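Please open the structure in your viewer and keep the selection panel at hand. The stops below say what to select next and what is to be found there.

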Amino acid sequence: MEIRIAGTVSESIVDGPGIRYVVFTQGCPHRCEGCQNPETHDFSGGKTVDTDELYTRCVDDPLHDGVTFSGGEPFCQAEALYELGAKLKKHGLHLMCYSGWTFEELLKKAEDEEFVKKLLSITDILADGKFMPEKRSLSLKFRGSENQRLIDVQHSLKKGCAVLEDL
């Protein structure tokens with residue numbers, strides 16, 4: 001399946017726990033002021049790649065503990081990322097997603113959007129919420145502003161409310 005991406009990073013240690021392969025999706029409706037990836041906002045930018053190619057890149061490096069879907073806004077391409085993520089999970093990799101939507105907003109979207117629900121169902125950690133420059137902090141792990149949360153998605157889905165991840 002084709003997906004539009006801005007790029008990838010191999011062996012990142014700043015985009016989630018462990019050593020990670022990072023996929024930066026292209027296209028973002030949030031356009032947060034002060035975004036660290038403003039080049040990812042344009043939905044027609046970047047390039048298209050096949051999810052099978054990304055899968056191969058992810059699993060070919062034995063150092064990868066997990067994969068992170070960043071952006072742009074990953075949940076705007078939920079179907080392709082679900083397909084990729086499901087294969088990565090079967091391979092034993094941890095999955096983290098960033099989103100400008102909150103967990104609660106994503107749950108609401110999931111009521112009408114099948115692949116948003118499916119992508120959440122395989123996500124281990126969600127960094128949620130828009131970046132807010134007035135709440136920026138360099139001391140936060142894996143996020144840029146204090147309003148953003150790290151959520152244990154699997155426990156949250158079982159409980160029906162956001163459960164914070166303690167990393």
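Angles under 35 degrees count here as roughly parallel, those over 145 as roughly antiparallel, those from 65 to 115 as roughly perpendicular, and the rest as oblique. The axes behind those angles are lines fitted to C-alpha atoms, for helices over the stretch in contact, and the angles run from 0 to 180 degrees between N-to-C directions. This is a predicted model, in which local features need pLDDT of at least 70 and side-chain atom pairs count only at pLDDT 80 or more, while totals for chains, interfaces and linings use all residues. Residues are numbered from 1 along each chain as its sequence is written, and side-chain values use heavy atoms, with hydrogens and water left out.

**First stop: α3 and α4**

Select α3 (103-110) and helix α4 (residues 114-122); helices (H or I, at least four residues) and strands (E, at least two) are DSSP runs, numbered from the N terminus. The two helices α3 and α4 pack at an angle of about 130°, with their axes 7 Å apart, and they are therefore oblique to each other. On the α3 side the contact (heavy atoms within 4.5 Å) is made by L106, L107, K109 and A110, and on the α4 side by V116, K117 and L120. Sorted by class, this contact of α3 with α4 has five nonpolar, no polar and two charged residues, where Ala, Val, Leu, Ile, Met, Phe, Trp, Tyr, Cys and Pro count as nonpolar, Asp, Glu, Lys and Arg as charged, and the others, Gly among them, as polar.

**Second stop: α2 against α4**

The crossing of α2 and α4 is left-handed, a term used if the near helix is turned anticlockwise from the far one by less than a right angle, with right-handed used if it is turned clockwise. To display the contact, select A78, E79, L81, Y82, G85, A86 and K89 in α2, which meet F115, V116, K118, L119, S121 and I122 in α4. The residues of this contact of α2 with α4 divide into eight nonpolar, two polar and three charged.

Which residues of α4 are buried? They are V116, L119, L120 and I122, buried meaning under 20% relative accessible area, exposed over 50%, and partly exposed in between (1.4 Å probe, protein chains only). The elements covering these buried residues of α4 include β4 (66-70), α2, β5 (94-99), α3 and α5 (153-159).

Next, select helix α1 (residues 51-60), which packs with α2 at an angle of about 35°, their axes being 10 Å apart. Here α1 passes α2 in a right-handed crossing. The contact brings together T51, D52, L54, Y55, C58 and V59 of α1 with A80, E83, L84, K87 and L88 of α2, and by class it has seven nonpolar, one polar and three charged residues.

How many disulfides does the structure hold? It holds zero, a disulfide being a pair of cysteine sulfur atoms within 2.5 Å. Centre on C58, which is buried with a relative accessible area of 1%: its sulfur is 12 Å from the closest cysteine sulfur, in C97, too far for a bond. C76 is likewise in no disulfide, the nearest cysteine sulfur, that of C28, being 6.7 Å away; C76 is partly exposed, with a relative accessible area of 35%.

Move to the loop between β6 (125-128) and β7 (149-152), where S137 is found. S137 is buried, with a relative accessible area of 13%, and, not counting residues up to four places away in sequence, it touches R143, G144, S145 and E146. F142 lies in the loop between β6 and β7 as well; it has a positive phi of about 65° although it is not a glycine, and at 15% relative accessibility it counts as buried.

Now select T102, in the loop between β5 and α3, which counts as partly exposed at 24% relative accessibility. T102 and D128 are 26 residues apart in sequence but 4.9 Å apart in space, C-alpha to C-alpha. Leaving aside neighbours within four places in sequence, T102 is in contact with D128, G129 and R149.

Two backbone features complete the tour. In the loop between β4 and α2, select G72, where the peptide bond from G71 to G72 is cis, with omega near 5°. In the loop between β2 (20-25) and β3 (47-50), select R31, whose phi is near 45°, a positive value in a residue other than glycine.
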